[in-house]
Amino acid sequence: MAKRKLTQQQKRRVDEQLQNRKVEKKSTSTSSHNTQLGEEQTGLVITSFGKRVLVESETGEHYRCAIRQHLGKLVAGDQVIWQTDIEEQTGVVIRVLPRKHELSRPGFRGQTRMIAANIDFIGIVMPVLPGIHPDMIDRYLVAANQLDIPAIIIINKVDLLDNETDWEDIAALLEPYAEMGVELLPASTISHAGLEDLRAFMDGKNSVFVGPSGAGKSSLINALIPDLHIRVGTLSDATGLGKHTTTNSILYHLPPLNPSEQYGGNLIDSPGIRQFSPTPCSLSELENYYPDFSPYLGQCKYNNCTHSIEPHCAIKHAVEHGEIAVSRYQSFQRLLTEFKSEPEH
Ligand SMILES: Nc1nc2c(ncn2[C@@H]2O[C@H](COP(=O)(O)OP(=O)(O)OP(=O)(O)O)[C@@H](O)[C@H]2O)c(=O)[nH]1
Ligand SMILES: [Mg+2]
Ligand SMILES: [Zn+2]
């Protein structure tokens with residue numbers, strides 16, 4: 001964690017808290033057990049590891065906390081009610097405040113893996129090398145649409161592009177997003193290209209970085225937050241695939257752009273994954289999450305057209321005439337097939 005500057009008022013509150021704790025400690029040290037808990041207070045989950053979480057108190061201190069059994073899984077960004085254990089620098093989470101949003105993905109054996117809670121902005125990080133994956137971008141864009149929050153595509157490692165042809169190939173892949181009005185941001189943690197714009201985008205927001213392993217999510221966060229040294233992975237030359245380094249989502253505070261503010265928002269680093277899947281939804285919902293399909297919807301011969309084998313399909317016609325990108329059509333069909341195999345749909 002970056003060292004935070006506490007305001008005078010906060011320093012005083014921390015001092016008071018420590019003082020109170022000393023007094024409480026004295027008064028409880030004679031008791032035979034130490035199960036007495038401090039007062040209920042609000043906190044922010046910084047990260048979750050197994051059955052425990054790291055909670056930040058309102059005064060900026062971090063406590064390892066157990067979680068009351070019925071609460072289920074917590075994740076970076078969760079707001080909680082918790083109590084300190086007076087004897088130790090630990091605590092227990094007793095309640096989770098209602099989540100505004102949660103980004104999750106299907107995990108093993110039908111379980112849900114949480115990525116982040118209470119976010120209002122998604123940064124999809126894609127590296128120019130080994131390459132941009134439109135299918136993965138589309139999946140995250142569907143998730144952002146489901147949560148009704150904005151997403152931008154961060155094209156990282158642009159320092160590795162050394163000729164026009166490389167640029168042209170990438171621009172061609174990204175064209176559908178530019179046409180849909182999705183913000184595209186070329187960036188590099190080596191040349192620092194794009195970092196100022198990225199910082200401005202995220203100011204005051206609760207953001208999460210997602211994308212494949214090795215895309216440079218942790219490196220970007222290191223570049224955006226001075227004095228932070230998150231371990232980053234090394235890329236295996238043989239496969240060009242990233243070696244997993246980030247294993248849990250972790251929340252970081254962004255330094256303020258405006259010196260009168262304490263923070264400039266929060267940014268959650270998430271572990272890279274090979275494949276992301278949005279929450280399964282119906283055909284008509286999925287259609288609505290593809291804004292480039294909207295001019296053609298309602299024009300197919302059949303009103304429940306899946307745009308695959310049906311005759312007189314306006315979507316397929318648009319694809320054949322270059323009005324909808326083939327990659328977008330393919331990702332739509334893959335999601336539709338995937339969702340159909342889900343028991344609940
Ligand atoms: N050339 C170049 N390399 C970069 C850039 N950003 C990150 N890297 C390298 O890419 C590798 C992976 O970076 P990480 O930041 O660990 O990637 P990540 O997305 O956090 O990966 P996971 O934690 O596995 O999801 C490291 O070797 C970084 O040094 C960049 O802008 N340019
Ligand atoms: Mg990482
Ligand atoms: Zn159709």
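This is a predicted model: local features need pLDDT of at least 70, side-chain atom pairs count only at pLDDT 80 or more; totals for chains, interfaces and linings use all residues.
The protein chain contains eight helices and 13 strands. It has 345 residues, and 33% of them count as buried. Among contacts between residues at least 6 apart in sequence, 64% join residues at least 24 apart.

Helix α8 spans residues 326–340. It has 15 residues. From the first C-alpha to the last, α8 reaches 21 Å, close to the 21 Å expected at 1.5 Å a residue. The buried residues of α8 include R328, Y329, S331, F332 and L335. These residues lie on the same side of α8, because they cover an arc of only 165 degrees around the axis. The other side carries exposed residues: V326, T337 and K340.

Several helices contribute to the cover over the buried residues of α8. Among them are α2 (134–147) and α3 (164–180). The cover also includes α6 (283–288) and α7 (314–320).

The packing of α2 against α8 can be described in detail. The two helices pack at an angle of about 65 degrees. Their axes are 9 Å apart. The crossing of α2 past α8 is right-handed. On the α2 side, the contact involves P134, D135, D138 and V142. On the α8 side, these residues meet S327, R328, S331, R334 and L335. By class, the contact of α2 with α8 comprises three nonpolar, two polar and four charged residues.

Is H307 buried or exposed? H307 is buried, because 24 other C-beta atoms lie within 10 Å, and a count of 20 or more defines a buried residue. Leaving aside residues up to four places away in sequence, H307 touches C300, C313, I315 and K316. The C-alpha atoms of H307 and Y329 are separated by 9.0 Å. These two residues are 22 residues apart along the chain.

Note on methods:
Residues are numbered from 1 along each chain as its sequence is written. Chains are lettered from A and ligands numbered from 1 in the order in which they are written. Helices (H or I, at least four residues) and strands (E, at least two) are DSSP runs, numbered from the N terminus. The expected span of a helix is 1.5 Å times one less than its number of residues. A residue is buried if 20 or more other C-beta atoms lie within 10 Å of its own, exposed if 12 or fewer, and partly exposed in between; C-beta atoms are placed from the backbone. The arc is that of the directions from the helix axis to the C-beta atoms. Two residues are in contact if their C-beta atoms, placed from the backbone, lie within 7 Å. Axes are lines fitted to C-alpha atoms, for helices over the stretch in contact, and angles run from 0 to 180 degrees between N-to-C directions. A crossing is left-handed if the near helix is turned anticlockwise from the far one by less than a right angle, and right-handed if clockwise. Ala, Val, Leu, Ile, Met, Phe, Trp, Tyr, Cys and Pro count as nonpolar, Asp, Glu, Lys and Arg as charged, and the others, Gly among them, as polar.
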